[in-house]
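Let's take a walk through one part of this structure. Have the sequence and the 3D view open as you read.

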Amino acid sequence: MALKVFNSLTKRKEEFRPRDPEQVKMYVCGVTPYNHPHIGNARPFVTWDVIRRYLEHRGYTVFHVQNFTDVDDKIINAAKTEGVSWDVIVSRYIESYFEVMDKLNIRRAHLYPRVSDHMAEIVEMVETLVRKGFAYEVGGDVYYSVEKFDDYGKLSGRSLEDMKAGARVDVDERKTHPMDFALWKSAKPGEPAWDSPWGKGRPGWHIECSAMSLKYLGMEFDFHGGGSDLIFPHHENEIAQSEAYAGDSPFVRYWLHNGFITVNEEKMSKSLGNFFLVRDILEHFPPEVLRFFILSTHYRSPLDFSDERLSESARGLERLKTAVLNMKYLANSTVARGASEESQVLANAANQAKTEFYGAMDDDFNTALAISVMHGLAKEINIYYSAIMAGKIPHDAETLATVQAVYYELADILGLLVAERTGTLDVCGGAAGTDDQTIAGLLDLILAIRQDARKKKDWATADQIRDRLAEIGYVIEDSPQGARWKKR
RNA sequence: GGCGGCAUAGCCAAGAGGUAAGGCAGAGGUCUGCAAAACCUUUACUCCCCAGUUCGAAUCUGGGUGCCGCCUCCA
């Protein structure tokens, strides 16, 4: 089956064909490091992380570049406010970015180019645009002349006429056309500045992404993405600059844009001040819950954020975890082995789930559907588990191993259930490390003592053990096959 | 004002011509000493409204209504 992606440029789903079958090249618009990441930042990076994981599972080699816009008004302002140098702000928030994204299990890009390291490339690009007649200098500033680029507006679907009519911006009289945008800005006193043919200054917004993506990926790279607010003007301008510069088209093969996170149905934005920092959310919820929450809606749809929704996500994720723990418990249990009709049913369900999961992901990365497929498989696993625990059927270890491999593969594509898949101390029988084995041994001992109490119908003791263990994070579950403990 | 998107159960959310997935919450049940977890049953004669196309529409077309986003820094 073919992978289809929704291309913002054509506004339709297209079959994905990488330019180079050997390597998929993607450029994701990164952050401007002037504050800690908020949950709106988390969405595109979780989304692109899954896109990349899926492409890799499909057999592609992916080259992933994501920039840091480290030269920017907001950074300069933050530096002024705090009375520190701009690069202090930058390094602090880049560090924070990685800290948060690592917690969300977002794999690192192969390259994180920064604007401040690419002044030569940027200046060269601006010079070329001036030389080619696409840009002009006015008193140390350089502007891109949108009228010179015939295709201007092709990504955002607007014409220069439309924009003139609806202009809400104060027009700079020095510009030839109101929509002309700065490629280079002359330095103001006290601001970071770099040398250029037009005097000291710094790049305008937009040009850095063109310069850096072209440097590392070349023209016509496969994916370029970010939040849908970047479509205009940022990405529109990138196209104008890059295609004019290269004298070639297209700049990018597939443009993908994620929808926004809203709060109370309203866009979360810096100007509204209604945004939540990821680090604050993570005080109340595990990072994986936030990740699951983001993935439970298709990436292009808006996503409304609230504590209630996050709590719901936590319970939905719990169900997925339980299936893993059930499999791990069975794998280490001593119940009778043997194939059964039920194990065949499970094996078929796993095969089908895998097909459906890939089908969902092939359809423009439909993670919401993919998750529901996992829920379906989890249910089959639990049914199988229950039948064994009830002593109705033997345990087919070989089949279970296959099913587990499928389940783990799907979870890995979504970047979920990491602790459950790799942990050794989350359900009895599974401990591997020395310390874990000791703890597991102690837990088994406590459980044995509780079983004795239960035999004597000493419910007070039995319940006390159960309650106290729950307090330190271990849940006890009884079954006809005996009791088991599991983490959390 | 210009451009674009969305409206599916109590909540969240897939589905995009063939007769409504999944999750959460609720109700009942199985299991249990009681629980927990799991499982079973149950919750949209119907997909914002009105027309139209079609043998057939939540899905396509036209017209309404409501909400949201972009056009200004923003993921």
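Start at Glu 409, which touches His 57, Lys 354 and Tyr 358, leaving aside residues up to four places away in sequence; contact here means heavy atoms within 4.5 Å. Glu 409 sits in helix H13, where helices (H or I, at least four residues) and strands (E, at least two) are DSSP runs numbered from the N terminus. The side chains of Glu 409 and Tyr 358 are joined by a polar contact of 2.4 Å. That term covers a pair of N or O atoms within 3.5 Å; within protein, one must be able to donate a hydrogen and the other to accept it, and residues adjacent in sequence count only if both atoms are side-chain atoms.

A quick word on ground rules: this is a predicted model, where local features need pLDDT of at least 70 and side-chain atom pairs count only at pLDDT 80 or more, while totals for chains, interfaces and linings use all residues. Residues are numbered from 1 along each chain as its sequence is written, chains are lettered from A and ligands numbered from 1 in the order in which they are written, and side-chain values use heavy atoms, with hydrogens and water left out.

Now for helix H11, residues 341-362. Its buried residues (under 20% relative accessible area, 1.4 Å probe, protein chains only; exposed is over 50%, partly exposed in between) include Tyr 358. They pack against strand S1, helix H1, helix H12 and helix H13.

After H11 comes Asp 364, with a positive phi near 55°, in the loop between H11 and H12. Asp 364 is buried, at 0% relative accessible area. Its side chain makes a polar contact with that of Arg 300 (2.9 Å).

Note on methods
The expected span of a helix is 1.5 Å times one less than its number of residues.
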